[in-house]
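Me: Please show me the model, and then let me ask what stands behind the terms used for it.

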Amino acid sequence: MSQSVPSTPPHTQPSTGKKWKECGQIKTTPHVEEPSGIATHPNGDVALTSDWSPVTVFSRNGDVKYVIQGSPSSILDIAISPSNKYIIPSEHGINEFYIYDSQGVLVSSTPTYNIDNKPSRPTSVAVDSTGRIIVGLGWGGHKTVSIHQPDGILISKYEMTSSPYNLTCTPDDKLIISFDDNTLQVMDQSGHNASIIQRPPGIQYSEYWEPVYVCCSKQGELFVSNMGKPEAVYRYMCTGGEYKYLDCITRMGYCPHGIALSADEEELFVVDCTSSLVIRFR
C-alpha cells in the first residue's frame, strides 16, 4: 500500500495557550550562510551557528553586532548560560567545547570523551537552571551524554542507546533529547526514567517523524523542529509530567532547524536553513 504524505501540517488536536504568529524575519546572508543552531541573549541578541561561518551575533532586528572571533564553523548548536556565557561545540576534527564570555572572548576549552574515554566531538550543548553544561556526544556513532560544571569540569557521563542529535533542559532540569533513530525522549540528568514523546497525531507514518532541534519554555511548552514530512515546528505542553501535542507553529515551505525563545519568552526564533532566514514569531 502506498503511503500518502500529508500536504499540510497536522492540526488534529485543539491547541491551547498562546497562538504564535509570524511577526518578522532576520536575513542572515551574507554574514551567515545556511544557519543551523541558535541561542538568544537576555539583552535580545541572537547568536547563530553555521556550516560555513563562525558564530555571529545579531540584534533582534537583524543587524550584525559582532562575530565571535576564533569560534568554530561547521557546528550545529550553541547555548547561553545563566551568567551570559556562550557555550559552543568544536568543529570537525576537534573534540571539545568552548566557553566564551558575553563579549565573545574565549574563557576556556574542555576536551570531551565518550563513555569509553575516547575523544568524541559534541553534537549539541545545553545549560540547565544552575549553569551546568550538558553535552551530547553523537558524532561518529558515539552515544554519550556528559554533564559539566559551569566552568567545564566534568561531573558525570553515561551511555545512551542511540546517538544524541540535539538536547534541551526542561524547567525542572530534566533533559529532552532528539536521537539519530528519530526518537524524542525525556529523562533525568542521570539518563534514567526515560520516556518517549510521541509524534504528532497527524504524522501517520513513523518515517515522516524526524525530530531534530528542541526548545523548552519556563511554562513547560516544548517546541520541536521536524525534518520529516512535512517539515515544520510542532508544539507540546507538559501536563502531569507527560508531553502532549498541541499544534503546529510554522506554515509550509520552511526547512526548520534551530529553535530558541527570547529571554522574556515573548518571541520564538526558528532557523530556516535553506533560505538563510530566522523566522520570528510572537
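Reply: What follows sets values from this model against the definitions of the terms. The model is predicted, so local features need pLDDT of at least 70 and side-chain atom pairs pLDDT 80 or more, while totals for chains, interfaces and linings use all residues. Residues are numbered from 1 along each chain as its sequence is written, and side-chain values use heavy atoms, without hydrogens and water.

Me: What makes the protein chain as compact as a globular protein of its length?
Reply: The secondary structure comes to zero helices and 24 strands, where helices (H or I, at least four residues) and strands (E, at least two) are DSSP runs numbered from the N terminus. The radius of gyration is 18 Å, close to the 19 Å that the globule rule gives for 282 residues, so the chain is as compact as a globular protein of that length. That radius is taken over C-alpha atoms, and the rule is 2.2 Å times the number of residues to the power 0.38.

Me: How many of the residues count as buried?
Reply: Of the 282 residues, 56% count as buried, meaning under 20% relative accessible area with a 1.4 Å probe, protein chains only.

Me: Why are β10 and β13 said to stand at the edges?
Reply: Four strands form an open antiparallel sheet in the order β10-β11-β12-β13. β10 and β13 (154-159) each have a single partner strand, so one side of each is left without a neighbour in the sheet.

Me: What makes β12 and β13 a pair?
Reply: Pairing requires that DSSP finds at least two bridges between two strands. β12 (residues 144-148) and β13 pair in the antiparallel sense over five bridges. V145 stands opposite Y158 in β13.

Methods: Buried < 20%, exposed > 50% of the residue type's maximum accessible area, 1.4 Å probe, protein only.
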